[in-house]
Each structure stands twice: as C-alpha cells, then as structure tokens.
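This report describes one protein chain for a reader who has not seen it before. The text moves from single strand pairs to whole sheets, and then to the chain overall.

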Amino acid sequence: MTDTAYLDPRTGRTYPLDTPRWCGDDQAPLLLTPLPGITRAAIRGEDRSLWRYAAALPFIPDDPISMGEGCTPLVPRVIAGASALVKCEWFAPTGSFKDRGASVMLSLLRAQGVAAVLEDSSGNGGAAVSAYAAAGGMAATIFVPASTSPAKTVQSRAAGATIRLIPGSRQDCADAALAEAASIFYASHNWHPFFLHGTKTLAYELWEDLGFTAPDNVIVPCGAGSNVLGCGIGFDELLRAGEITRLPRIFAAQPANCAPIAREFLGQPAVPAQPTIAEGTAIAQPLRSAECRDVLTRSGGGAVMLSEEEIAAATLDLARTGIYVEPTCAQAAAAFARLLEAGTIRADETTVVVLTGTGLKSTPRIAELLGVSI
C-alpha cells in the first residue's frame, strides 16, 4: 500500500488505510488523501476493464473482482440540435455505472480481509454490491425499505444476497444499516471512499477515449453525488500528474422534485422532497453535499434542476435515437439541452453526457410514459 490514508475532509483528521473502516471515529464520511494520479504510460492496455487504471488506485489487490466493468462506449448523438458524446455506462455487467465502485470497493475490502458486507439500497447500488460480492465469494446483506417493489430486489436476490425488509422510510432503512454496521462491515456505495475511487475511473476513461485530453464539459445525473465526486477526484489526479492542463466543467443534473445539492449550489431555499420519475437520484439528505458543491465550483461547472416533464421527454427522445436508459440518467441529456439554451455550454464544445443505467430496469416507468399497460 502507498502512504495514502483515510481522510475526514471536514477536520483534516486521517486514519491508516490498512485497517478497514467506512467512517471516522465520530461517524463522519471519509475520503482518501490525494493520490498523485498516473500518466498514460501506466495504463495496462491488455486489460479490457477499469483495472487498466489500477496504478491510480490506493493499492492493487492480487486478485481483483472484475467482470469487465468499464471500457464503456462513447457515442456521438445530436441532443437539442447540438452534438454531444454520450457515455454508455449501462453497458456495465449489472446495468449501471455503480459496477465501477462495487468492483474497486469490494476488491480492496476483500484484500483487507473483509468477507461479509452490508449495503442499504433497493436499486442499482444494491444490485452491484450483490453481484460483485457473489463474484468474489463474499456474503452480502442488503437492507431495503419494506415498501420496495419485490421486482426491484430480484437482481440482488438472484445473486444470492440476503434481503432484509426494513419498515418505514428510506431514511429508516439507512438508520437500520448504520445500527447493524457494528456486526457486518458496512460497504455502502454512499459511505465508502473506495467506491469513489472506482467511480473516478470514469474520468480516466474519458481522458483516454478523447485521445488523452479532457472534455470541455461533463454532465452527470446526481443523487448522492458519487459520479460528481468520482469525476472530481479523477480529473484532479490527471491534472496533478500533468496529463491535462485544466479541469472539465462538471455539471450535476437533479430532478427539481428532489434537488438538495442543486438548490444549495444555486442559492435556492430547501423544499421538502417530492416523488420523481428520476428515482435513482432521489436522495433527500446526501452525505457529501459540501464536497459535491466544491467540485462543481472548482471546475467552473454548475447544477441544473429538471422538471418531471423535461426528464420524461428526454427519456423518450433518447430512446428514439436508440439509447434506452432510465429516466434517472436521461435527465443529464435534459440538462444538456437546458445549458445550451442558457448559453452556458456552446454547441462547438466537447460535452460528455453520462448515462448511468439501462432502461430495462425502468420498464414499468417507461411503459407509463408510452401509455402501455404491462
């Protein structure tokens, strides 16, 4: 392992990396101390997965848990009359970008001796942790709200995860997971910094996709902010390594019905969360909102709040170009249209729209948009 340590960004306190932990002693969320980044010479070109960037991680396990995650297509599309590059993250093994974080997080935890993990997620995070735990011979327990549709847990159940139904709200579920963390290691996609070092490989991959340059803009759907933070960490490392000369502007797309990070960034008053079609980003109390706002500010980017109508239209507009994705991530395309209209982004700039999850996971919701009964 390197001299990297866990870091509490709010206090500056550090903890040694060789002892597995998911939070500070006062239960604060942690990051890692800054890493130096890598140059193109360190890419393992023979690896067709995110592990081609293994040298950028805090340590390299002898036997990473990998199913070919990463190396997703970057495809040109015309959106709102302008050219964009859509990053097709739903090509991941479980159908969402969260496989990047799950592969790295569970690989590093297993190398540290962790054999059983706990996660709280009824969606893509739970599916990714369940699948990668199964691939790595680890036991996974997933807490989900008791009100969750059984269909949403099928992927996790099929991977052999133990599903615990928790009465009450999504927050009640998170609280129950925190209480259980004393007996099962809490490998939360929202809490664990190793997860963010999986998502940072998106930045490295875009850099390589674009001929070892940074795009002008990256637009990501944002709930808890793991892609905002991952892109911030990854591009910061590339800047530190001298491989790029500037950060791309990073923009967070959130549904207006649940947009705590965007509202705070834009100086708008907080309002109670409402249900949204972009359910994967409906995080009312994100853990790392301050760090997300820092990335948006330092990169010169920003935040966009989308109406339900804009998100629905973007979902179907993308589908009619062959791109079938969840409404959760289609909002990034809607944000591109809004930023173009405002003049914040120009049509001649290189803009990446990150599309994070397959539409196959949202079949009932998309059927509603089409007026189809299933």
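A116 has A139 as its bridge partner in β7. The strands concerned are β6 (residues 116-120) and β7 (residues 139-145), which run parallel and are joined by five bridges. Strands here are DSSP runs of E with at least two residues, helices are runs of H or I with at least four, and both are numbered from the N terminus.

The model is predicted: local features need pLDDT of at least 70, side-chain atom pairs count only at pLDDT 80 or more, and totals for chains, interfaces and linings use all residues. Residues are numbered from 1 along each chain as its sequence is written, and side-chain values use heavy atoms, with hydrogens and water left out.

**The four-stranded sheet**

β6 and β7 belong to an open sheet of four strands with parallel pairing, in the order β8-β7-β6-β9. Two strands pair if DSSP finds at least two bridges between them. At the edges are β8 (162-166) and β9 (185-186), each of which pairs on one side only. Helix α4 (residues 170-180) lies across β6, β7, β8 and β9, and runs at about 145° to β7. Such angles run from 0 to 180 degrees between N-to-C directions, with axes fitted to C-alpha atoms, for helices over the stretch in contact.

**The six-stranded sheet**

A second open sheet has six strands and mixed pairing, in the order β4-β5-β13-β10-β11-β12. β4 and β12 (302-306) each have a single partner strand, so one side of each is left without a neighbour in the sheet. From one strand to the next, the twist averages 30°. β11 (residues 249-255) pairs with β12 in the parallel sense over five bridges. Two of the residue pairs are tabulated here.

| Residue | Bridge partner in β12 |
|---|---|
| A253 | V304 |
| Q254 | M305 |

Is β12 covered or open? It is mostly covered, as five of its five residues are buried, where buried means under 20% relative accessible area with a 1.4 Å probe and protein chains only. G302, V304 and L306 point one way from the strand, while A303 and M305 point the other way.

**Helix α10 and its neighbours**

Contact means heavy atoms within 4.5 Å. The axes of α10 (residues 308-319) and α12 (residues 363-370) come within 11 Å and cross at roughly 95°. The two helices are therefore roughly perpendicular to each other, a class that covers 65 to 115 degrees. A312, T315 and L316 of α10 meet I366, L369 and L370 of α12.

**A54**

A54 is found in the loop between β3 (31-32) and β4 (74-79). This residue is buried, with a relative accessible area of 1%. Leaving aside residues up to four places away in sequence, A54 touches R44 and I60.

**The whole chain**

The chain has 12 helices and 13 strands. Its C-alpha atoms fill a box of roughly 50 × 50 × 40 Å along the principal axes. Buried residues make up 58% of the 374 residues. Of the contacts between residues at least 6 apart in sequence, 71% join residues at least 24 apart.

How values were computed
Parallel < 35°, antiparallel > 145°, perpendicular 65-115°, else oblique. Buried < 20%, exposed > 50% of the residue type's maximum accessible area, 1.4 Å probe, protein only.
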